[in-house]
Amino acid sequence: MKSFTIYNPVKIHFGNGMLAQAGSIAKKYSDNILIVTGKNSMQKTGTLDKLVKILKESGITVTVYDGITPNPTATEIDEAAKIAKQKKVGLIIGLGGGSPLDSAKAIAVAAKGDIPVWEYLKTPANDALPIITIVSTSGTGSEVNRYSVMTNPATGEKPGFGYECMYPKEAIIDPEITSSMPPYVTAATGFDVFVHIFEAFTGKAKNEFSSAYCMQAFYLLKDNLIKAYSEPDNMQARGDMALASALAGLAIDISGVSIMHAMEHPVSGNYPNIAHGAGLAVLALESMKYNLNACKRDYILIAHHFGIKRADKSDDEYAMSLIEKTKEILTALNLNVRLKDLGVEKDKLQKIAKEAFATMGFAIDNNPAVIDEKGVLKLLENSY
Ligand code: NDP
Ligand code: MN
């Protein structure tokens, strides 16, 4: 029997209108805080103004850093950490999708030290400012886990890292904030949830706890991903996808991601205009085929829970039907395209394959089937 230790200290507040609690939640940690967010969406929807007002009404001094770009860079994080130090803030609130939330965690670490954030990839951090996440996409699970992903803009490297001090203290999951996601963002982030479930459920580090989170996340996602995409105002679907995102975020916190994430990070690292979930979408089918033999029983179980009819299919055929089903979902979400359609240049594939190992080696190691750099290059070529 496998031994393992699991730990997740994030206090989760879920529900429509939960944003209103931000003042009383934040006040427990500090009365001088930095909000970290992106450049557009939270301003346009009025969510940022609403949050600032709620915090100020609780007597909190608020500074806003709204320079985080999708697939955030270490430069932005260092810039925000400098502001956090100058203002002597006692709490970082991440508001937005995975990009601002991941950044908030990295800023919380960098603000405690005196080295550039990139150095923390090698130098373990033991201390960070407290972090609160207020999530606006249903995708990364960053709201409830310790991971942060950042890009080196000079090299395109996009590693993930996560230390115990980077767990958010509290997470506010208010589905109303996610309801403004346009269809493309809903599709891409929602497919990220699918891949988290898939990779946590099949990875070598899986255990009964991560699988339990995966199964419930899967049940919520299978009925609601396409619904949230095609009916943006359907609040039941938005709420269920927000739950699926958090459950899958807890699952990857336990058992990690694997090959699709290992390949996707260098894709969106080198091409920051590519959405993480869209990058995963183009890599999913080839990766699933590659892993089929190594985790056939898991595929069969997921196919069964999808409600795919077994009839007289052999194990191989039934496992393959899961890949067909995934293709149908991608088509329904308008994400069934090729790497070249996303603007990736063919002569970059070698660099991407190399970086998958150099920056995401832990995810390669977690892959159910063994794969080398040549194998990864082949998957990239087949997805091109
Ligand atoms: P982003 O946070 O990058 O957001 C994508 C786009 O959607 C942005 O333009 C953003 O606006 C916009 N947006 C966000 N929320 C809304 C909303 N409610 N209404 C309208 N527009 C909105 O996307 P993701 O959530 O997919 O995060 C991706 C990042 O997270 C990547 O760097 C990825 O690698 C990382 N990641 C982290 C994981 C983890 O475990 N921590 C796991 C998987 C991925 P704006 O530009 O204004 O912010
Ligand atoms: Mn992901």
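**Entry 1: getting my bearings.** I began with the naming: a helix here is a DSSP run of H or I with at least four residues, a strand is a run of E with at least two, and both are numbered from the N terminus. I also noted that this is a predicted model.

Entry 2: I then checked its cover: Asn334 has 56% relative accessibility and counts as exposed, because the cut-off for exposed is over 50%.

Entry 3: Ala311 sits in the loop between α12 (296–306) and α13 (315–332). With a relative accessible area of 68%, Ala311 is exposed.

**Entry 4: ligand 1.** Which residues come nearest to ligand 1? I listed Ser41, Gly98, Ser99, Ser136 and Thr137, out of 31 residues around it. Next I looked at polar contacts. A backbone N or O atom of Gly98 is 2.7 Å from an oxygen atom of the ligand, and a polar side-chain atom of Ser136 is 2.7 Å from a nitrogen atom of the ligand. The protein covers 90% of the 930 Å² of accessible area that ligand 1 has on its own. Helices α2 (41–44), α5 (98–110) and α7 (183–202) are the elements that each give two or more residues to the shell. I sorted the shell residues into 11 nonpolar, 16 polar and 4 charged. Domain 1 (11–178) and domain 2 (188–382) both contribute to this shell, so ligand 1 lies between them.

**Entry 5: the manganese ion.** Which residues are the protein donors of ligand 2? I wrote down Asp192 (OD), His196 (NE2), His261 (NE2) and His276 (NE2), lying 2.1 to 2.2 Å from the ion. Along the sequence, their spacing reads D-x3-H-x64-H-x14-H. His196 belongs to helix α7 and His276 to helix α11 (residues 276–291), so this pair ties together parts that are 80 residues apart in sequence. Are His196 and His276 buried or exposed? I found both of them buried.

**Entry 6: one last residue.** I ended at Tyr213, which lies in helix α8 (residues 208–230). At 30% relative accessibility, Tyr213 counts as partly exposed. From Tyr213 to Ile33 I noted 32 Å in space, C-alpha to C-alpha, and 180 residues in sequence.

Key:
Residues numbered from 1 in each chain as written. Chains lettered and ligands numbered in written order. Predicted model: local features only at pLDDT ≥ 70, side-chain atom pairs only at ≥ 80, totals over all residues. Heavy atoms only, no water. Near = heavy atom within 4 Å. Polar contact = N/O pair within 3.5 Å; in protein donor to acceptor, adjacent residues only side chain to side chain. Areas by Shrake-Rupley, 256 points an atom, 1.4 Å probe, with all protein chains shown as cover. Nonpolar A, V, L, I, M, F, W, Y, C, P; charged D, E, K, R; others polar. Domains from an automatic or database assignment. Donors = N, O, S within 2.8 Å, 3.2 Å for Na, K, Ca; no water. Buried < 20%, exposed > 50% of the residue type's maximum accessible area, 1.4 Å probe, protein only.
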